[in-house]
Amino acid sequence: ILKSKVMLKINKVNLINGLVGFFFIICLVVKSGYSISPILLSLIGIIYFIYQFIHKKNWNISQDEKQLIYSYAIYVSLFVLSFIIHQGKLRELDGPTKILCLLTLLLLFRQFPIKLSTLITFIPIGACIACAVAIFDRFYLHAGMAFSTRLMHIQGGNISMSLGMFSLVCAIYYFIKGNYKLVLFCLVASSCGVIGSILSTARGGWIGIPFIVCFIFWAYRKNLSKTFFISIIATLLITIVATVSIPNTKIITRLNQAQSDISGYLDNKKGADSTSVGARFEMWKSAIIMIKEKPILGWGIQNVTEERKKHYEQGLISKYASQFNHAHNQYLDDTSKRGILGLLALLGIFFVPIHFFWKSLKDKELDVRFVAILGLVHVGSVMFYCLSQGFFSHNSGNIFYFFLVVLFYAVILSIKAKSTAELTK
């Protein structure tokens, strides 16, 4: 009987780990692929939570978990408060509800731990698949932007870039372990993630990458030689130059267009306020006007959209910019919709995980530091994405960010718990 119970738990652990691995593989392959595993895992998590609650089993919540739960709860509560005050539509609570469901994974992943091998195996595979999908979209389907047939191309490009940066962290981990064949594979995977982002032409996702790469190098500065640093930089530069040099990628065109849009907007050229970059400036201007008028609790999601249209009617912004339902800057968007309180809640879901991952970065165990760096790269990257995109205005952004934060949290806590148990034997 005991053997049967052990085997059953092993099978459950393998199932949970399989679903986590499947997330990295499928997230950019099919429509809503990013949501398949998180939704299935959340359903299992909710059932397990109810089971634990009915049987009155104790769940000793650590201080780190409490802080994450509080940050998520406060963030969600601002949506609910805004919904009530501004008499919003029920669909506004769809995203926040999913965020709360993802919190049940803390309990699920504690009972059925996620193996480090799951992350370090499936992350680079996912990056390679993202690149294959991007190439298929651009050169077979002849789509103007990779991933656009499956999800919003900016979101897809940002997710692909994150997979590339995660793979770079995996490459360095394997280098420290002395597994040089897998170092090469992960470096290729890292290049693949970058290529996928470049083929999406999502320029906003490229802004923070130099900072993210520098952070990764800094975090591993004591473990790597100058030769390895130079090799990685050369690999990334060759990847970028080679991809940009292909005429069909239109990368140079997009970069030149961005420069032209900015200069045209600053020079007040006709039509410059209706370009991709110019429209963003217009939306940011509209958001700032709204923030000044209602700084504490904001306007609410529906009212912001209507107010932006009024700004066009008043001649304050272009017609093109008035059509969007978010400001293409998450910080301004949250502040205009939920006020300063909403902005603080947004910063909370960033800085609470940063505090935890930064603290874990100082751990003596290599595996803990590895996942902590993944966590910091993840949060830092999304913070950069939010500068020019409403990353959380899309279902893909919500699930990708919150699911991975919980996942990295759980893996670190699991490794630490295992180390503590071994020490007490």
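1. Ground rules. This is a predicted model, where local features need pLDDT of at least 70 and side-chain atom pairs count only at pLDDT 80 or more, while totals for chains, interfaces and linings use all residues. Residues are numbered from 1 along each chain as its sequence is written, and side-chain values use heavy atoms, with hydrogens and water left out.

2. Salt bridges overall. Searching the whole structure turns up seven salt bridges, a salt bridge being a side-chain nitrogen of Lys or Arg within 4 Å of a carboxyl oxygen of Asp or Glu. Side chains of opposite charge can pair when their charged atoms come close.

3. Lysine 359 with aspartate 64. The closest N and O atoms of this salt bridge are 2.7 Å apart. The pair links distant parts of the chain, 295 residues apart: lysine 359 sits in helix H13 (residues 330-361) and aspartate 64 in helix H3 (residues 63-85). Helices here are DSSP runs (H or I, at least four residues), numbered from the N terminus. Which of the two partners is buried? Aspartate 64 is, because its relative accessibility is 13%, whereas lysine 359 is partly exposed at 37%. For these labels, buried means under 20% relative accessible area, exposed over 50%, and partly exposed in between (1.4 Å probe, protein chains only).

4. Glutamate 65 with arginine 110. Here the closest N and O atoms are 2.6 Å apart.

5. Glutamate 282 with lysine 285. These side chains meet in a salt bridge at 3.4 Å, N to O. Both residues are in helix H11 (residues 276-293), and because they are three residues apart, about one helical turn separates them. Glutamate 282 is buried, with 4% relative accessibility, and lysine 285 is partly exposed at 34%.

6. Helix packing around H6. Two packed helices are described by the angle between their axes and the distance between the axes. Helix H6 (residues 153-177) and helix H8 (residues 209-219) have axes that come within 11 Å and cross at roughly 15°; the axes are lines fitted to C-alpha atoms over the stretch in contact, with angles from 0 to 180 degrees between N-to-C directions. H6 and H8 are therefore roughly parallel. With helix H14 (residues 366-385), H6 packs at an angle of about 160°, the axes being 10 Å apart. That makes H6 and H14 roughly antiparallel. The cut-offs are under 35 degrees for roughly parallel, over 145 for roughly antiparallel, 65 to 115 for roughly perpendicular, and oblique for the rest.

7. A nonpolar patch. Phe22, Val30, Ile36, Ile39, Leu40 and Leu43 make a nonpolar surface patch of about 450 Å². Patch residues have over 30% relative accessible area and no salt bridge, with nonpolar side chains (Val, Leu, Ile, Met, Phe, Trp, Tyr) joined within 5 Å and like charges within 9 Å. Helix H2 (residues 33-54) gives the largest share, four residues. Isoleucine 39 lies in H2 and is partly exposed, at 41% relative accessibility.

8. Serine 197. This residue sits in helix H7 (residues 180-200). Serine 197 is buried, at 0% relative accessibility.

Terms used: Accessible areas come from the Shrake-Rupley method with a 1.4 Å probe; for residues, only the protein chains shown count as cover. Helices (H or I, at least four residues) and strands (E, at least two) are DSSP runs, numbered from the N terminus.
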